[in-house]
Amino acid sequence: MEVLNSFMTWIFKNRLGQIDNFKKNPIPVQEEIFWDLIEAGKHTTFGKEHDFASIKTYQDFAAKVPVLDYAGIKPYIDRHMKGEQFVLWDTEIEWFSKSSGTTSSRSKYIPVSEESLEDCHYKGGKDMVSIYVNNFPESKLFSGKSLSVGGTLEKNPLNPDGSAKVGDISAVIMQNLPIWAQFVRTPSLETALMGEWEAKIDKMAKETMNENVVSIAGVPTWTIVLIRKVMELKGAKNILEVWPNLEVFFHGAVAFGPYRSLFKELIPSDKMRYMETYNASEGFFGLQDQPDSDELLLLLDYGIFYEFIPMEEWDSDSPQVIPLQEVEVGKNYALIITTNGGLWRYKIGDTVKFTSTSPYRFRISGRTKHFINAFGEEVIVENAEKAIAMAAEETQATVLNFTAAPVYFEGSDSKGAHEWIVEFKSPPAQLERFKEVLDQHLREVNSDYDAKRHKDLALEKPIIHIAPEGLFEHWLKSKGKLGGQNKVPRLANTREYLDELLPLLQELA
């Protein structure tokens with residue numbers, strides 16, 4: 001195993017020169033990607049409709065191709081799903097990544113081309129390992145198995161008898177992994193792709209609890225559920241009693257801050273490492289490349305061309321759209337992508353804030369539709385996650401999940417507030433103290449919120465409900481959305497989710 005570990009580590013480190021190239025030459029690399037995409041697009045229905053053949057500059061592209069949300073690109077995707085080819089991309093599409101979205105129950109289907117699998121998603125996985133073993137040369141990553149908590153696959157709803165399949169991006173990736181990669185992962189592919197999540201967790205736990213698990217990759221919430229199940233089956237106090245060689249958790253999908261203390265409890269080792277990834281249905285966008293920083297490196301040679309909308313212009317009728325070279329450090333931007341999967345100037349719905357432009361590093365700041373701005377406070381997910389992590393730390397609480405929404409003015413003398421439902425693993429000794437600390441840190445990280453809270457001018461202190469453990473999971477199950485990438489939004493600017501969860505909270509209490 002030592003020889004294999006050394007050999008595999010050497011192979012993966014060979015990618016570092018290419019990573020260094022796009023770090024040093026970001027704009028030329030992006031320009032090359034841009035022209036490759038335009039050339040491919042010329043041969044598609046979408047490209048012909050938007051006259052790609054006449055595009056000679058980026059400005060031509062911006063003038064001819066509108067910025068699209070899912071509703072705008074859905075008719076083209078539907079044609080692909082019904083079996084028509086070369087609509088959005090110039091090679092055949094046989095896979096679609098399914099996402100329910102986070103503000104709508106309607107499923108979204110993202111085309112996954114062979115190019116986006118090979119040159120984006122798989123490259124992201126390889127680079128994740130390359131950067132990790134370079135940062136930690138003493139790693140024994142290849143001495144055991146990698147545990148992957150994946151999604152599920154299902155028939156194409158628009159063409160159930162066709163060959164194309166749909167599923168969570170993790171399931172699409174797993175299904176198409178090369179044989180060598182299947183050899184070093186656990187559980188079996190059959191188990192990893194099971195559709196019924198409760199049975200799946202049970203079977204995953206039984207298959208993996210006697211393996212030498214060295215790394216885990218997945219979403220924090222489902223990883224916690226699986227780890228707990230393994231500990232229960234083995235009668236262990238912590239997971240290191242079961243997997244003593246576990247050294248790293250590659251995580252993504254949600255911010256890790258609120259989960260950090262719980263993972264320290266489950267994996268009580270100062271040597272345990274955590275590496276964040278930004279891998280969505282639409283593409284692999286970022287990796288944590290520095291062990292001492294939570295900033296993400298923007299991945300620039302993955303077949304994705306990046307554009308951005310400054311968030312202060314988001315609601316404008318004609319918002320300014322800028323290429324990568326025009327972004328500024330510290331500003332909040334909505335992410336616009338053109339990809340080798342056939343997405344053209346697509347509004348993914350995420351917002352980012354750059355921390356550096358040499359190289360381009362950033363943090364995920366939230367969602368364009370996941371914020372609370374009912375009173376001009378502009379609280380984004382990044383604010384909420386940072387404040388609740390601080391509140392948990394200061395009150396020695398452990399947060400499993402949360403959601404928040406506005407309480408609107410009801411009369412001339414009433415004031416607004418933010419109403420929270422928080423699911424704790426370990427609740428604070430005094431809820432009132434937790435509320436005060438949460439409010440204090442929100443005021444510290446968001447000046448607009450602080451202004452509205454000044455002397456209770458517009459907003460009163462937050463209202464907090466303690467959720468019984470399993471509330472969010474129970475709600476998702478009742479909606480048929482348990483598993484995969486489905487989750488209750490951290491923040492909502494309406495009370496839709498909160499008003500559904502509150503009666504359930506009373507029922508389960």
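Predicted model: local features only at pLDDT ≥ 70, side-chain atom pairs only at ≥ 80, totals over all residues.
Student: In the open sheet of 12 strands, which strands stand at the edges?
Tutor: The sheet has mixed pairing, and its strands follow the order S6-S3-S7-S8-S9-S10-S11-S16-S15-S14-S12-S13. An edge strand here pairs on one side only, and that description applies to strand S6 (185-186) and strand S13 (322-323).

Student: Which residue of S10 stands opposite asparagine 279?
Tutor: Strand S9 (residues 273-280) and S10 pair in the antiparallel sense, with four bridges between them. The two strands form a hairpin in which two residues lie between S9 and S10. Within this arrangement, the residue of S10 that stands opposite asparagine 279 is phenylalanine 284.

Student: On the S11 side of S10, which residue stands opposite leucine 287, and how many residues of S10 are buried?
Tutor: S10 is joined to strand S11 (residues 296-298) by two bridges, and these strands run antiparallel. Leucine 287 stands opposite leucine 297 in S11. Strand S10 (residues 283-287) is mostly covered, and the number of its residues that are buried is five of five.

Student: Is serine 215 buried or exposed?
Tutor: Serine 215 is found in strand S7 (residues 213-218). Leaving aside neighbours within four places in sequence, serine 215 is in contact with Leu141, Lys145, Ser146, Leu147, Leu246, Val248 and Phe250. The relative accessibility of serine 215 is 3%, and because buried means under 20%, serine 215 counts as buried.

Student: What distance separates the C-alpha atoms of serine 215 and valine 248?
Tutor: Val248 is one of the residues in contact with serine 215 once neighbours within four places in sequence are left aside. Along the chain the two residues are 33 residues apart, while the separation of their C-alpha atoms is 5.0 Å.

Student: In S15, which residue is the bridge partner of asparagine 332?
Tutor: Strand S14 (residues 332-339) and strand S15 (residues 346-357) pair in the antiparallel sense over five bridges. For asparagine 332, the bridge partner in S15 is lysine 353.

Student: Why is one side of S2 and of S4 left without a neighbour in the sheet?
Tutor: These strands belong to an open sheet of four strands with mixed pairing, in the order S2-S1-S5-S4. Strand S2 (108-112) and strand S4 (153-155) stand at the edges, so one side of each lacks a neighbour in the sheet, because each has a single partner strand.

Student: Which residue of S5 is the bridge partner of tryptophan 95, and what angle does H8 make with S1?
Tutor: Strand S1 (residues 95-99) and strand S5 (residues 165-167) pair in the parallel sense over three bridges. The bridge partner of tryptophan 95 in S5 is lysine 165. Helix H8 (residues 169-176) packs on the sheet, touching S1, S2, S4 and S5, and the angle between its direction and that of S1 is about 150°.

Student: By class, which residues make up the contact of H17 with H18?
Tutor: From H17, Leu471, Phe472, His474 and Trp475 meet Tyr497, Glu500, Leu501, Leu504, Leu505 and Leu508 in H18. Sorted by class, the residues in this contact are eight nonpolar, one polar and one charged.

How values were computed
Residues numbered from 1 in each chain as written. Heavy atoms only, no water. Buried < 20%, exposed > 50% of the residue type's maximum accessible area, 1.4 Å probe, protein only. Pairing = 2+ DSSP bridges. Contact = heavy atoms within 4.5 Å. Nonpolar A, V, L, I, M, F, W, Y, C, P; charged D, E, K, R; others polar. Axes fitted to C-alpha atoms, helices over the stretch in contact; angles between N-to-C directions.
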